[in-house]
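Hello,

Here is the structure we talked about handing over. Please load it first, then read the notes below.

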Amino acid sequence: METFNPDPKPGRLVLPLVLIGMIATTYTFVNRVATNNDLDISAVEEEVVVIEEEVTEDSTTTSTTTTTLPLEVVTYLEEIQGEKVQSDELGQTVLEANEKWDDELYSYQEAKDEFAKFIEDAEQFVDTVSEPGPPNTFANLVTSHDELKVLASLIYEDTKELLEGLTSSDTGERRAAALDSFNKNLALFQQKIEETIASATSS
């Protein structure tokens, strides 16, 4: 005899039971894992260190000191600068005349005339150096100017000695010594002018 099943879909009752069991199992598992492992979930705060670079501004201040010289000092410095140029010209004249005599390009009379001429030039040079000179209120310039006058006089004496050497009976030794002295005194004169200008403009 055939048995009649009143529920045509008996699986409808099994599925809810399975779902309830799965939910219960999941809930129990999660609680157990959290309890047994003592998990502490917390936010980690990361400390951010900001390094500020200090910028140092390098401001270099250049101070320029301008020294204004009195007009009379400027005039004097220009004056002795001109005398330095004159001394160059005198020295060139003496050197050329001496070389022409040595090279026999001058006759004896021509050499005497030429040597006598630069004696006159040297005498005029002494007068030029002597006057007017620096302002009396500047003692250092007055002292330097006195030295220039002495050197100018020595140059003048050297030119006279050159003519004496030319006319002497020796073989040129006296003239050579006079020329050497002339060149040295001329160099000292020019050096003194350079020192005087440098000192006056730097103080």
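Predicted model: local features only at pLDDT ≥ 70, side-chain atom pairs only at ≥ 80, totals over all residues.

**An exposed loop residue**

E104 is exposed, with a relative accessible area of 69%. E104 sits in the loop between helix 2 and helix 3. Its backbone is worth a look: phi is positive, about 60°, although E104 is not a glycine.

**Overall layout**

The protein chain has five helices and zero strands. Along the sequence the pattern reads α-α-α-α-α. The chain has 203 residues, and 26% of them count as buried. Take the contacts between residues at least 6 apart in sequence: 74% of these join residues at least 24 apart.

P132 is placed in the loop between helix 3 (108–130) and helix 4.

**Helix 4 against helix 5**

How do helix 4 and helix 5 run relative to each other, parallel or antiparallel? Helix 4 covers residues 139–167 and helix 5 covers residues 173–202. Their axes come within 8 Å and cross at roughly 165°. An angle over 145 degrees counts as roughly antiparallel. Helix 4 and helix 5 are therefore roughly antiparallel to each other. Their crossing is left-handed.

Two residues give you a distance to check. T143 lies in helix 4. T143 and T196 are 53 residues apart in sequence, yet their C-alpha atoms are 9.9 Å apart in space. T143 counts as partly exposed, at 46% relative accessibility.

N185 is another one to select. It lies in helix 5. At 11% relative accessibility, N185 counts as buried, because the cut-off is under 20%. Leaving aside residues up to four places away in sequence, N185 touches L151, L154, I155 and D158.

**Salt bridges**

How many salt bridges does the structure hold? There are eight. Three of them are described here, among them one that links helix 4 to helix 5.

- E161 and R174: the side chains meet in a salt bridge at 2.4 Å, N to O. This pair links distant parts of the chain, with E161 in helix 4 and R174 in helix 5, 13 residues apart. E161 is partly exposed, with a relative accessible area of 27%. R174 is partly exposed too, at 35%.
- K149 and D146: the N to O distance in this salt bridge is 3.7 Å. Both residues lie in helix 4, three residues apart, which is about one turn of the helix. K149 counts as partly exposed at 30% relative accessibility. D146 is partly exposed as well, with a relative accessible area of 38%.
- K184 and D180: the side chains meet in a salt bridge at 3.3 Å, N to O. Why about one helical turn between K184 and D180? Because they are four residues apart in helix 5. D180 is partly exposed, with a relative accessible area of 40%.

**A buried charge without a partner**

Now to E83. It lies in helix 2, which spans residues 71–102. E83 is buried yet has no salt bridge. Which side chain of opposite charge is nearest to E83, and how far away is it? It is K149, 11 Å away. A salt bridge needs a nitrogen to oxygen distance within 4 Å, so K149 is out of range for E83. K149 does have a salt bridge with D146.

What does E83 touch, not counting residues up to four places away in sequence? The list is F125, T128, V129, F189 and I193.

**Where to look**

Start with E83, buried and with no salt bridge. Then check the positive phi at E104.

Best wishes

Methods
Residues numbered from 1 in each chain as written. Heavy atoms only, no water. Helix = DSSP H or I, 4+ residues; strand = E, 2+ residues; numbered from the N terminus. Buried < 20%, exposed > 50% of the residue type's maximum accessible area, 1.4 Å probe, protein only. Lys, Arg positive; Asp, Glu negative; His and termini not counted. Contact = heavy atoms within 4.5 Å. Axes fitted to C-alpha atoms, helices over the stretch in contact; angles between N-to-C directions. Parallel < 35°, antiparallel > 145°, perpendicular 65-115°, else oblique. Left-handed = near helix turned anticlockwise from the far one by under 90°.
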